[in-house]
Protein chains: 2
Amino acid sequence: MEQPKAKTNIYDVAERAGVSIKTVSRVVNNEPNVRANTREKVQTAIEELGYMPSAAARELTGKGSRVIGLLYENSEDFSYTNKILTAALNACEEEGYTLVLRPFTLPNPRLAESVKQLKENARVEGIIVLPPLADHKALRKQLKEMAMPVALIAPKTAPKDAICVRCTDEQASYDLACFVIDRGHQRIGFIKGHPDHSASAERFAGYLRALKERKIELDEQLIMQGYFDYESGKAAAKELLSLPSPPTAIIASNDDMAAGTLFEARELGLGVPHQLSITGFDDTALASHLWPPLTTVKQPITEMTTAATRGLIQRLQGDEPLVLEPFNCKIVVRDSTT
Amino acid sequence: MEQPKAKTNIYDVAERAGVSIKTVSRVVNNEPNVRANTREKVQTAIEELGYMPSAAARELTGKGSRVIGLLYENSEDFSYTNKILTAALNACEEEGYTLVLRPFTLPNPRLAESVKQLKENARVEGIIVLPPLADHKALRKQLKEMAMPVALIAPKTAPKDAICVRCTDEQASYDLACFVIDRGHQRIGFIKGHPDHSASAERFAGYLRALKERKIELDEQLIMQGYFDYESGKAAAKELLSLPSPPTAIIASNDDMAAGTLFEARELGLGVPHQLSITGFDDTALASHLWPPLTTVKQPITEMTTAATRGLIQRLQGDEPLVLEPFNCKIVVRDSTT
DNA sequence: GTATTAAATGACAGCGTTGTCATAACGCAT
DNA sequence: ATGCGTTATGACAACGCTGTCATTTAATAC
């Protein structure tokens, strides 16, 4: 497998295989009437050069574009990811760009391959990466190798050759913890987020800073590891609440885990917020639909995403790669806290 | 504005305007050095012919593709729309197609324009339409005019020139109502869904059939109009529960409205399920995250969407437009019903 | 009015592929 | 070997646009 300097085209393959471009075309499109022997030679050349046909050229010759659309009504109550999608989609439309989505389930061995395909097949020129993928080492390496312009949303480490947007997670978490402390709580449980998300560490740091400044001694027992999903929040809450001296408030690193905590409190017959205060993070639809509705933190997701998308597009057009300031979060007080 | 028979290209415009194709190109790309007079002539010709430049050809000449990617981790707990997106995205990837998303907020005066742009700009060859857009008259007309191959998800009326997928909503709703009746309930409230969604009527019909077969007299007071959102469910529940003789069970036409109902029950101090049984529809993440978790109906969304997408792609490739049977739903019993 | 310069316009190649049609090689029966 | 019908291969135009560079036209100065 060689490292193709410039993009290889059908001529390169034809030359290497010692056949005409038409024959290469036939092999690529699985057409009949190619000797097995020849087919193999061509296939080898393709592999060696890492050749991928140009979708644009194909389309131009009358083949379809292999693009299909999906129309849907944009409802209000979207989850975190959805808010990002919508914002990015809108920003792209305004700039005359087309956005192609690619969801992954981690761990994913075919990740590199899939990203490469995204470039060749779907013709993407730049890529926006959401957490926790934004910090995925293999992915970042792959993107760099492909010299793919990148915009990272809330990454832990921000390479300077990428557009990055962040928000003041640490400060928001600090503010939230102070808010809880000011309501008279002293034993405050904390459920950490998924360790792969940069936000997790930031939010935890804010909690720690608040305790320190308000002179509350840190009790390791009150710190739980969660993974941003409902079940992990539930499990963590169960453990916290069965402590000999349980917390009177629990700060969960996102709304899903807060929902799990709320569920667990119910199971144990604890009244919220009177016997237990609970807070979330992200202000998803869930937060306002639970009973009682959750006190949480609202990130300016739409603004962040729009900025990242615009930034990426600007770079693609050769403009200055502007540096983005962190965006401010805001506490949303509801009824899950005393 | 003429009706272009075949796709107009830059030559048509040049001829009509009496200039060279290069000049047309200059106008289209807002390049300098074109006399105002000339520019106008060209612009007029473009309008009259409804010309839109070919993105594929542009890309081939070295301009970028104007496509950017967005990578995200595929989490489990997705809403209804998200499940559809993910399934469609996956089906497309498997078939070597690229899926382009376009969210709308209704009502939208620029809908037709946006769809046209989707065709020209994003080069889509076929379109999948989700409810309630699947029944949007103006949209359907526009798509038909453009001769755009279409796949409709859960439409009310199914034109035979479109791929359509449906599921057994009526039967599922009937089964659910019977389930509730069999638990001893006689006064069962029903919160209807958004009138624009085909599913709303189907679900209501199932409820009616169950009452009839079980010889329970229909009480109009127990029927409420909702709109599939949390707030409308809450409002409907409030009204139902303040009736002189309130229902002992409420069937909401989706999970969001069931969540609103649950909230309202809490506000009124009613125990769920002992004093009030509640059911939802769709089996979204919300349903299992609430307390108590909701009894609801699970649609095979992934299967439906995959079938629709595959069907559309088959048609695009000139194969037989297969007819799809309705998909079966399944009741998921949880703790919100006695 | 003519020379000089700048602005406006056009002719043409090239982008990477596939379709058409011509040509070359093969397989087989004579 | 010879001829014939396949099967395999290649040459070349076409797809619709933009870049380069040549040419025409207008504007300005003398």
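Guide: Helices (H or I, at least four residues) and strands (E, at least two) are DSSP runs, numbered from the N terminus. The model is predicted, so to speak of a local feature we require pLDDT of at least 70, and side-chain atom pairs count only at pLDDT 80 or more, whereas totals for chains, interfaces and linings use all residues. Residues are numbered from 1 along each chain as its sequence is written, while chains are lettered from A and ligands numbered from 1 in the order in which they are written.

Visitor: Where is B:Pro132 found?

Guide: B:Pro132 sits in the loop of chain B between β3 and α7 (137-145), and the bond that joins B:Pro131 to B:Pro132 is a cis peptide bond with omega of about 0°. In chain A, a cis peptide bond links A:Pro131 and A:Pro132 with omega of about 5°, and A:Pro132 is placed in the loop between β3 (126-129) and α7 (137-145) of chain A.

Visitor: How many helices and strands does the secondary structure of chain A come to?

Guide: Chain A comes to 13 helices and 11 strands, and its C-alpha trace spans about 80 × 40 × 35 Å along the principal axes.

Visitor: Does A:Asn30 count as buried or exposed?

Guide: A residue is buried if 20 or more other C-beta atoms, placed from the backbone, lie within 10 Å of its own, exposed if 12 or fewer, and partly exposed in between. A:Asn30 counts as exposed, because it has 8 C-beta neighbours inside 10 Å; A:Asn30 lies in the loop between α2 (21-28) and α3 of chain A and, although not a glycine, has a positive phi of about 55°. B:Arg66, with 22 such neighbours inside 10 Å, counts as buried; B:Arg66 is in the loop between α4 and β1 of chain B, and its phi, near 60°, is a positive value in a residue other than glycine. For the whole of chain A, 49% of the 338 residues count as buried.

Visitor: How many residues of chain B are in contact with chain A?

Guide: Two residues are in contact if their C-beta atoms, placed from the backbone, lie within 7 Å. In this model 57 residues of chain B are in contact with 58 residues of chain A. Among the elements of chain B that give two or more residues to this side are α5 (80-95), β2 (98-104) and α13 (301-316). By class, the side of chain B that touches chain A has 35 nonpolar, 14 polar and eight charged residues (Ala, Val, Leu, Ile, Met, Phe, Trp, Tyr, Cys and Pro count as nonpolar, Asp, Glu, Lys and Arg as charged, and the others, Gly among them, as polar).
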